[in-house]
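Biologist: I'd like to learn how to read a ligand site and some ring contacts. Can you walk me through them?

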Amino acid sequence: MPDDDSRFVIIGGGLAGAKAAETLRAEGFTGAIALIGDELERPYERPPLSKGYLLGTEERDKAFVHPRKWYAEQRIDLQTGTPVTALRPGEHEVELPGGQRLDYRKLLLVTGARVRRLDVPGAGLPGVYYLRRIEDADALRAVLVEGARVVVIGGGWIGLEVAAAARRHGAEVALVTLDPPLERVLGPEVAPVFADLHTEHGVRLHVGRGVETIAAADGHVAGVVFDNGDALDCGVVVIGIGVIPVTELAEQAGLEVDDGVLVDAALRTSDPDVYAAGDVANATHPLLGVRIRVEHWANALNGGPAAARSMLGQEVSYDRLPYFFSDQYDLGMEYTGHAPPGSYDQVVFRGDVRGREFLAFWLSDGRVRAGMNVNIWGVTDDIQRLIRSGEVLDPSRLGDPRVPLAEL
Ligand SMILES: Cc1cc2nc3c(=O)[nH]c(=O)nc-3n(C[C@H](O)[C@H](O)[C@H](O)COP(=O)(O)OP(=O)(O)OC[C@H]3O[C@@H](n4cnc5c(N)ncnc54)[C@H](O)[C@@H]3O)c2cc1C
C-alpha cells in the first residue's frame, strides 16, 4: 500500500474514473485522490442517455454514479469542469487550466472517447445532433417529439437506440447507413434481426447510402442529400457514426498510443506510474490473446476498479470478457465475448429467432467465441463459461433448447 501522503490522480470523470476512485478507498488507500473531469456534471453513466432518460421513463438523477456528497465523504477531490491540459510523467505532475500543477504518485487515464464527427457540408447546422453527454440527451429530448421528422445517420447501437426512442416519441424516423445496421458488429447472420425490428416499428431504412450534404433552409437543417442526388426532408439529424478514443494527453506525454492508450494486462501504460482503463484503453487481453479496446459500460465498470487495484500494487490480470447490452422497443439483449465478423466460421441459433427470444453463438473451430441472449435472461454466466472453457462443442446440442446450457 503506498504512503498515506501520496496522491493518486485520475484524469476523466466518467464511470471508469468514479469506480476507480471508489475502489481505491474500498481497498484502504488513505492518501489524497484527485478525480478531475472536464464535464460540468459529476460522473454519470451514459447508457440511460439513449434509453430510459431519452425515453422520458427514467429520472436524470438515476444516471449519476454517486450522490454529490459521497465524494466529500470519501475525501475524493472531485474537480468538474476542469480539462487537464498536460501530463508530464517525467515530473509526475499534471497541469490544469490556468497553469496550476498537481503532482501525483500514480495516475490513471480514463479520458474515454468522443464522438466521431461527420465531415460533410451542413454538419454544423442547428438541428444536427450527436449523443455522448448528458446535455446532448437534454437537447435531443426537446426535439424527438410527435410528428418530428428525424434522420438518424449511422446504424450502430447509438443510432438504433435513438431511432427507437424517436419512434416511441411519435417521430417519423429514417435511418441512413452505409452497411446494414449492426452488420459490422454482429455479422450478416444476426444483424438482420435488428433491421427487421426497426422496419416493423416504422423506421425507414436507407442502406448503402452515403450522405453528401446536410441541407439547410432558413439557417436550420431541412434535409439530407445522398451521394446519388436523392434527398430526404427532415428537421432533425442525429449522427451516430462511432467514437474516437481521447488520447491527446497520452500522446503529448510520450506514452505508447495506437487506437487508444496501450496497456498490458495489469492496465499499465508504457510509463510505470501511469495506468489506463475504460474506453480509452487498448489492452492486452490475457484470455483472448489479442489487444482490444472495448467501448462498453461493463468495461468502464470493471476496468476502472481493476486499474485502481493495480495502482495499489496488487497483482492484476484483467481478463473480463467483453460484455454489452442494449434495449430497443421490446427487445433487450446482452452480448458476451469477442467475435467480430471475419473471426468466426459458424453461427448457431437456439430458440425462437422470429419471435425474438433466442440465443446466438459465434464459433470458430467449434469453440464458442461469443454469445448473445435476446429477451432471455440469466444466461450470461453460462455463456461466459462456454467461452472460457475453450472446448469444442457439438453445434446441434448447442442449438437445442432442450439441452440445458449447464450440461454443455
Ligand atoms: C448514449 C450512450 C449510450 C450507451 N449505451 C451503452 C449500453 O447500452 N451498453 C454498453 O455496454 N455501453 C453503452 N455505452 C458506452 C459506455 O457508456 C461507455 O463505454 C462508457 O461511458 C465508458 O466510460 P469511460 O469512463 O471509460 O469514458 P467516458 O464515459 O467517455 O468518460 C471519460 C470522461 O473523461 C473526460 N475527459 C476527457 N479528457 C479529459 C481531460 N483532458 N481532462 C479532464 N477530463 C477529460 C471526458 O469528457 C469524459 O467525461 C453508451 C454510450 C453512450 C454515449
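Biologist: How far is an oxygen atom of the ligand from an N or O atom in the side chain of K51?

Modeller: A polar contact is a pair of N or O atoms within 3.5 Å; within protein, one must be able to donate a hydrogen and the other to accept it, and residues adjacent in sequence count only if both atoms are side-chain atoms. Here, the K51 side chain has an N or O atom 2.4 Å from a ligand oxygen. For D279 the distance to an oxygen atom of the ligand is 2.7 Å, and for a polar side-chain atom of R133 it is 2.8 Å. Keep in mind that this is a predicted model, where local features need pLDDT of at least 70, side-chain atom pairs count only at pLDDT 80 or more, and totals for chains, interfaces and linings use all residues. Residues are numbered from 1 along each chain as its sequence is written, and side-chain values use heavy atoms, with hydrogens and water left out.

Biologist: Which residues around the ligand come nearest?

Modeller: A residue is near a molecule if one of its heavy atoms lies within 4 Å of it. There are 37 residues around this ligand, and D38, E39, R46, K51 and D279 come nearest. By class, the shell has 18 nonpolar, 10 polar and 9 charged residues (Ala, Val, Leu, Ile, Met, Phe, Trp, Tyr, Cys and Pro are nonpolar; Asp, Glu, Lys and Arg charged; the others, Gly among them, polar).

Biologist: Why is the pair of W157 and F194 called edge-to-face?

Modeller: Rings of Phe, Tyr and Trp (its six-membered ring) pair if their centres lie within 6.5 Å; planes under 30 degrees apart are stacked, over 60 edge-to-face, the rest tilted. By this rule there are 10 aromatic pairs. W157 and F194 have ring centres 5.6 Å apart and planes at 85 degrees, so they count as edge-to-face. This pair links distant parts of the chain, 37 residues apart: W157 is in helix α5 (residues 157-168) and F194 in helix α7 (residues 192-200). Helices here are DSSP runs (H or I, at least four residues), numbered from the N terminus.

Biologist: Are W157 and F194 buried or exposed?

Modeller: Buried means under 20% relative accessible area, exposed over 50%, partly exposed in between (1.4 Å probe, protein chains only). W157 is buried at 13%, and F194 is buried at 0%. Ring pairs also join W157 and F194 with F324, Y335 and W362 in a cluster.

Methods: Helix = DSSP H or I, 4+ residues; strand = E, 2+ residues; numbered from the N terminus.
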